[in-house]
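The exercises below are to be worked with the sequence and the model side by side. Each task is followed by a solution in steps.

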Amino acid sequence: MSDDPIDVLIIGAGASGAAVAWSLMDTRMHIVCMEQGGVPDSGRFPSTGLDWEARRAGDHHISPNRRGWPEDYPVNDDHSPIKVANYNGVGGGTVLYAAHFPRFHPSDFRVRTLDGVADDWPVDYETLEPFFAENDRMMGVAGLAGDPAYPPGKTPPMPPIPMGRSGRRLAEAFNTLGWHWWPCDLAIATEAYDGRAPCINLGACLSGCAQGAKGSVDVTYWPHAQRGGVEMRTSCRVREIAVDENDMATGVVYFDEKGVERFQAAHVLILAANGVGTPRVLLNSVSKAFPEGLANRSGLVGKNLMFHPYAAIQGVFDDPLDGYKGAHKSILSQEFYETDPQRGFVRGYTFETSRGMGPAATVLAGLEWGEVPLGDGHHAAARKLMNRVTSLAAICEDLPEEHNRVSLDPDLVDSNGIPAPRISYTLSENSRAMLDHACEKGREIMTAAGARKVFTTSPIPMAGWHLLGTARMGTDPERSVVNEWGRSHDVRNLFIVDGSIFVTSGGVNPTSTLQAMSLYIADQIKRRLTNLFD
Amino acid sequence: MSLPASGSPFSSDECDTLRRLADRMIPASENDGLPGAGDPVIFADILQDAARVHVALKGLLTASGDETDPMDLNMADSAAARELHQIVVFCYYRDPRVMRALGMEVRPPFPQGFDVEPSDLSLLEPVRKRASIYRKVP
């Protein structure tokens with residue numbers, strides 16, 4: 001390994017880092033990606049063993065604090081009702097995600113204009129549309145064209161995942177109520193696709209797909225990018241980005257796999273470390289020119305953190321549904337997505353079905369609900385729940401508020417001694433009203449579907465999958481961290497491509513939009529190569 | 001009495017308490033042909049996670065103090081109890097006898113996978129008949 005200057009250094013090998021690396025590879029520049037974790041081994045994913053349920057709640061937990069791998073950095077989320085989820089390795093969060101792949105709506109980019117809240121994005125749906133399509137092709141999305149909740153032209157390359165019994169029951173209920181529903185867009189291969197085998201309904205999307213059908217970027221973008229010459233350096237944890245007297249980034253200080261501190265010089269730096277990891281690196285990069293953290297003259301690095309507050313609505317049915325079999329998601333409803341002032345909140349949410357649970361998870365849920373006792377009566381009560389529970393999740397738009405933030409914890413450090421992130425977050429009144437509405441409407445759906453009992457959880461605590469807004473995009477350097485094509489206002493050779501740059505959160509899973517933005521920024525970089533730093 | 005393995009953090013008394021507790025949590029059912037969670041094979045599985053189980057058991061015994069019977073399952077509303085319940089339930093419901101009794105095939109999900117009922121996309125007809133519902137932007 002040489003420490004000579006490289007052309008482009010990408011920090012983070014997750015969804016956005018993979019997309020930007022793949023797009024930039026055709027420049028033939030020397031591109032290196034540094035990733036603090038390793039390459040996931042699908043042969044060791046939980047679904048390969050009988051202990052898959054326990055491992056999903058243990059060594060493959062979505063919380064880095066619960067997982068506690070050496071490459072995981074701790075997160076102090078004691079001051080947040082929503083806890084952070086991530087995966088630190090090649091593939092990033094896509095290794096453990098559900099692969100739900102809805103796009104933002106056109107209205108999501110214009111919330112100030114339409115609803116008088118937050119800010120408009122400096123890009124729009126129409127601009128991103130070709131990048132959405134390119135990303136769908138690269139990630140291998142299964143779905144169905146013609147959804148009336150979106151503008152025409154969205155054509156997933158593969159047919160949708162089977163709805164199963166649970167999807168059918170809920171689809172019939174949506175029809176009874178006269179509400180919108182549609183098969184989910186999912187980055188899951190339903191047929192052989194780009195070297196990936198088709199989905200065989202393992203039901204284990206959230207703990208890694210042993211089949212390789214799920215479109216995590218370690219099996220989609222990265223093989224192409226690496227064949228195209230992009231260099232991956234695993235087990236390299238970046239501590240800080242260094243700058244010179246001209247406010248230009250010069251490279252990174254990082255720890256290699258042996259824990260040795262090193263410096264790597266680079267001409268262009270791209271942060272792709274997610275909405276918590278990216279502000280953490282910036283806030284740890286303190287210098288005379290940037291005493292409050294790199295690229296932070298606006299004071300907004302780490303602020304405006306958005307999750308998606310989730311509500312769970314779980315129905316218990318008399319007849320068997322899918323249980324633990326099948327992709328986690330099947331259908332969605334966007335009946336309540338766009339703003340309706342009559343509802344008492346602005347913006348909206350998506351309902352997405354969440355198939356079912358394994359036997360142990362079913363019993364543990366039953367214990368919590370008081371439906372399954374320990375001791376006498378355990379077996380009969382457990383049997384009444386087995387394969388008879390299905391869920392809706394409501395994913396609610398979260399609006400930016402500066403007091404919701406990522407900062408550096410004064411005490412907590414990772415295994416290399418780097419200060420760890422601290423999350424300070426409260427639910428807004430708008431979010432609470434939206435969650436309440438979702439629980440009420442979710443009960444209506446479950447009842448219409450024939451559920452004999454309905455249980456709700458709001459917000460779901462362990463649901464901080466989406467980490468957004470902490471280095472927001474905009475045209476005004478006083479009110480944003482990066483410009484309209486992802487370049488730092490303060491450091492002209494520093495780019496950010498992950499969820500940090502989101503201006504608002506939308507009411508859908510962000511990966512599709514996040515990767516479309518990453519491809520868009522890569523395209524902007526390529527178009528401006530001759531005057532990139534002007 | 002169950003004897004702890006060499007190197008186990010458990011004393012003989014703790015091991016016995018844990019086994020009886022597991023059996024009380026999920027008792028055997030002759031009618032259903034189901035073992036209890038204190039069954040030797042399942043109990044051995046529970047003890048695989050010895051350090052975590054030991055912490056949970058100690059927490060439970062401490063929480064129960066002198067006044068409450070740790071075998072009283074109704075008093076077990078503590079983090080330690082929930083942790084112990086989780087460990088016992090995970091081990092119990094992956095036992096081949098239990099899986100068979102529930103009608104499950106005794107195998108991990110991968111590599112065979114499962115069949116799922118195919119979609120009936122004709123259900124979408126009423127949705128297709130609606131006009132577009134996305135909000136137009138200026």
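**Exercise 1.** With which residue does D124(A) form a salt bridge, and how far apart are the closest N and O atoms?

*Solution.* The model is a predicted one.
Step 1. The partner of D124(A) is R110(A), and the closest N and O atoms of the pair are 3.9 Å apart.
Step 2. A salt bridge requires a side-chain nitrogen of Lys or Arg within 4 Å of a carboxyl oxygen of Asp or Glu, so the pair qualifies.
Step 3. D124(A) is placed in the loop between α4 (111–115) and α5 (125–139) of chain A, while R110(A) is in the loop between β3 (76–79) and α4 of chain A; the pair therefore ties together parts 14 residues apart in sequence.
Step 4. Over all chains, the same rule gives a count of 42 salt bridges.

**Exercise 2.** Describe how helices α6 and α11 of chain A pack.

*Solution.* Two packed helices are described by the angle between their axes and the distance between the axes.
Step 1. The axes of α6(A) (residues 164–177) and α11(A) (residues 429–449) cross at roughly 110° and come within 8 Å.
Step 2. Angles of 65 to 115 degrees count as roughly perpendicular, and α6(A) and α11(A) are therefore roughly perpendicular to each other.
Step 3. On the α6(A) side, the contact involves R169(A), L170(A), A173(A), F174(A) and L177(A); on the α11(A) side, E444(A), I445(A), M446(A), A448(A) and A449(A).
Step 4. By class, the residues of this contact comprise eight nonpolar, no polar and two charged.

**Exercise 3.** Carry out the analysis for helices α1 and α4 of chain B.

*Solution.* 
Step 1. Helix α1(B) covers residues 12–25 and helix α4(B) residues 79–92; their axes are 11 Å apart and the packing angle is about 75°.
Step 2. This angle makes α1(B) roughly perpendicular to α4(B).
Step 3. L18(B), L21(B) and M25(B) of α1(B) meet L84(B), H85(B) and V88(B) of α4(B).
Step 4. Five of the contact residues are nonpolar, one is polar and none is charged.

**Exercise 4.** Which residues lie closest to the centre of the second largest pocket?

*Solution.* 
Step 1. The volume of the second largest pocket is about 320 Å³.
Step 2. Its lining consists of 21 residues, of which D322(A), Y324(A), K325(A), N387(A) and D115(B) are the closest to the centre.
Step 3. The lining divides into 11 nonpolar, three polar and seven charged residues.

Terms used. Residues numbered from 1 in each chain as written. Chains lettered and ligands numbered in written order. Predicted model: local features only at pLDDT ≥ 70, side-chain atom pairs only at ≥ 80, totals over all residues. Heavy atoms only, no water. Axes fitted to C-alpha atoms, helices over the stretch in contact; angles between N-to-C directions. Helix = DSSP H or I, 4+ residues; strand = E, 2+ residues; numbered from the N terminus. Parallel < 35°, antiparallel > 145°, perpendicular 65-115°, else oblique. Contact = heavy atoms within 4.5 Å. Nonpolar A, V, L, I, M, F, W, Y, C, P; charged D, E, K, R; others polar. 1 Å grid on protein atoms, 1.4 Å probe; cavity = no way out; pocket = protein on both sides within 12 Å on 5 of 7 lines; lining within 4 Å. Points joined across faces, edges and corners; volume = space filled by probe spheres on them.
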